[in-house]
Amino acid sequence: MKPAHTPEIWFVTGSQNLYGPETLRQVAAHAQTVAAALDADPGLPCRVVYKPTVTTPEEIRKVCIDASASPACAGLITWMHTFSPAKMWISGLTQLTKPICHLHTQFNRDIPWGEIDMDFMNLNQSAHGGREYGHILTRLRIPREVVVGHWEDPAVRGHLGAWAAVAVGWQEMRNLKVVRFGDNMRYVAVTDGDKVEAERVFGVQVNTHAMGDLVAVVNDQSDAAVDTLCAEYADSYTVVPELLKGGDRHASLREAARIELGIRAFMECGGYGAFVDCFEDLHGLPQLPGIASQRLMADGYGFGPEGDWKHAALVRVMKVMGAGKPGGTSFMEDYTYHFDPSGPRCLGSHMLEICPSIAAGKPRCEIHPLGIGGKGDPVRLVFDGQTGPAINASLVDLGNRFRLLVNAVESVSITEPMPKLPVARVLWDAKPDLQTAAAAWILAGGAHHTCFSLSVSAEQMESFAEMAGIECVLIDESTDLRALKRDLRVGETYYGLRGL
Ligand code: MN
């Protein structure tokens with residue numbers, strides 16, 4: 001799916017008029033050089049746009065208001081090259097609605113020991129200018145990323161790139177529209193939640209269309225388009241013979257293709273970035289969307305089954321955050337445990353809907369019965385997941401606020417064949433270990449549904465939660481259950497007091 005705007009990060013340099021025009025000319029030249037270098041860096045996922053140095057409260061307020069109003073601007077990298085008295089920033093910062101990254105750097109890496117004089121000191125004073133600026137952000141209680149180091153350092157570039165990807169993801173969340181085809185699965189708690197509050201906190205719009213509205217669009221898809229899509233399936237996947245043209249069950253593949261075309265058309269027409277369905281509410285559809293959900297996720301759409309709109313939104317946003325990175329991102333569910341003491345594992349999967357962006361090899365396209373829902377056998381893609389460091393992230397509604405949970409995992413290779421398991425699957429080693437990770441997840445109230453990603457880091461999810469102003473509970477190598485319980489109690493107080 002195409003973004004509505006090509007995202008930009010604005011590069012804003014703070015100074016003042018105390019130093020005279022020659023110093024400000026050098027500040028501007030340095031800022032242009034840094035901004036151009038960041039713009040050219042392939043590690044940053046969007047344009048970096050240089051803005052003229054701001055030296056007065058009026059200039060600062062204008063750039064903050066312009067950034068807030070710009071649909072393209074996803075955030076600001078701010079740099080205090082010199083000393084920019086921070087009372088000048090109060091008016092602008094209190095009107096800014098976009099995320100801030102405070103780049104605490106200076107133009108020269110090294111002190112020129114033999115040449116350094118007071119002119120050099122006046123020009124290169126971010127070491128204290130950045131502290132003045134940081135103070136007012138802290139006093140204004142404005143969350144931001146602080147990146148410290150020389151601007152040419154690969155680690156600094158990597159941190160800036162990771163933050164920029166989160167800012168673009170947050171921008172997506174602010175503008176996202178999720179369509180619900182069907183309501184929540186009956187009686188399920190964690191996939192439900194407060195959609196009004198979600199729109200207030202995240203900006204995401206979550207609205208319903210009757211299944212009949214979708215069915216009308218599905219039935220409207222032409223036979224020629226279905227032929228073309230079936231041919232694409234045959235080219236892209238190892239399709240079992242019974243589903244191929246001339247096979248006994250080719251009609252089921254055509255049904256699945258028509259469903260994919262219909263959902264895709266509905267999403268494009270309505271400007272939706274994510275959708276949910278529910279196996280209990282498929283009136284008029286011949287089968288539960290399997291390959292359709294999988295392929296739409298692979299194209300960047302968010303998806304949640306059983307009416308799970310929070311994870312549909314999260315999948316879309318994490319796909320935006322991970323765009324261009326190796327790995328992939330998918331809806332996921334903790335399904336079954338392997339409690340072998342020599343290597344406890346969790347098998348992640350779902351009834352059908354795992355995104356082929358995380359597939360280790362060419363997926364097989366198969367058809368099998370589904371034990372629930374009472375519809376025709378659904379067509380699905382079956383594969384093993386890629387290996388490597390990954391995360392599971394979950395967004396839950398605690399009644400008075402949202403909490404984001406993140407568990408660092410290592411996706412491992414599946415060495416045993418599972419010839420009777422007709423769904424895509426991933427096997428992981430949860431950090432710090434399965435027992436601690438599962439206990440921590442359960443104590444923190446995490447969902448059985450998650451977004452699994454090999455492309456987005458736990459640190460990025462923490463940045464995302466800061467941008468959203470919500471709690472993030474990270475379960476990783478350093479997790480200790482006693483400390484985690486204490487952190488949950490602290491979070492209950494802190495986020496409760498904030499009224500989130
Ligand atoms: Mn489920």
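Colleague: Which residues does Trp170 touch, leaving out those up to four places away in sequence?
Modeller: Bearing in mind that this is a predicted model, Trp170 is in contact with Pro99, Val201, Phe202, Phe464, Met467 and Ala468. Trp170 itself sits in helix H6, which covers residues 154-175.

Colleague: And is Trp170 buried or exposed?
Modeller: Trp170 has a relative accessible area of 7%, and because buried means under 20%, Trp170 counts as buried.

Colleague: How far apart are the C-alpha atoms of Trp170 and Val317?
Modeller: Those two C-alpha atoms are separated by 7.2 Å, although Trp170 and Val317 are 147 residues apart along the chain.

Colleague: Let's switch to the strands. How many residues of strand S1 are buried?
Modeller: Six of the seven residues of S1 (residues 8-14) are buried, so this strand is largely enclosed by the rest of the structure.

Colleague: What does S1 pair with?
Modeller: S1 runs parallel to strand S3 (residues 73-80), with seven bridges joining them, and Thr13 stands opposite Trp79 of S3. S1 also pairs in the parallel sense with strand S2 (residues 47-50), over four bridges, where Ile9 has Val48 as its bridge partner.

Colleague: What about the open sheet of three strands, what is its order?
Modeller: The order is S8-S13-S14, and the pairing is mixed. Strand S8 (238-239) and strand S14 (379-382) are at the edges and have a single partner strand each, so one side of each is left without a neighbour in the sheet.

Colleague: How do S8 and S13 pair?
Modeller: S8 pairs with strand S13 (residues 364-367) in the parallel sense over two bridges, and the bridge partner of Thr238 in S13 is Arg364.

Colleague: Last one: which strands does helix H11 lie across?
Modeller: Helix H11 (residues 291-298) lies across S13 and S14, and runs at about 50 degrees to S14.

Definitions and conventions
Residues are numbered from 1 along each chain as its sequence is written. This is a predicted model: local features need pLDDT of at least 70, side-chain atom pairs count only at pLDDT 80 or more; totals for chains, interfaces and linings use all residues. Side-chain values use heavy atoms; hydrogens and water are left out. Two strands pair if DSSP finds at least two bridges between them. Contact means heavy atoms within 4.5 Å. Axes are lines fitted to C-alpha atoms, for helices over the stretch in contact, and angles run from 0 to 180 degrees between N-to-C directions. Buried means under 20% relative accessible area, exposed over 50%, partly exposed in between (1.4 Å probe, protein chains only).
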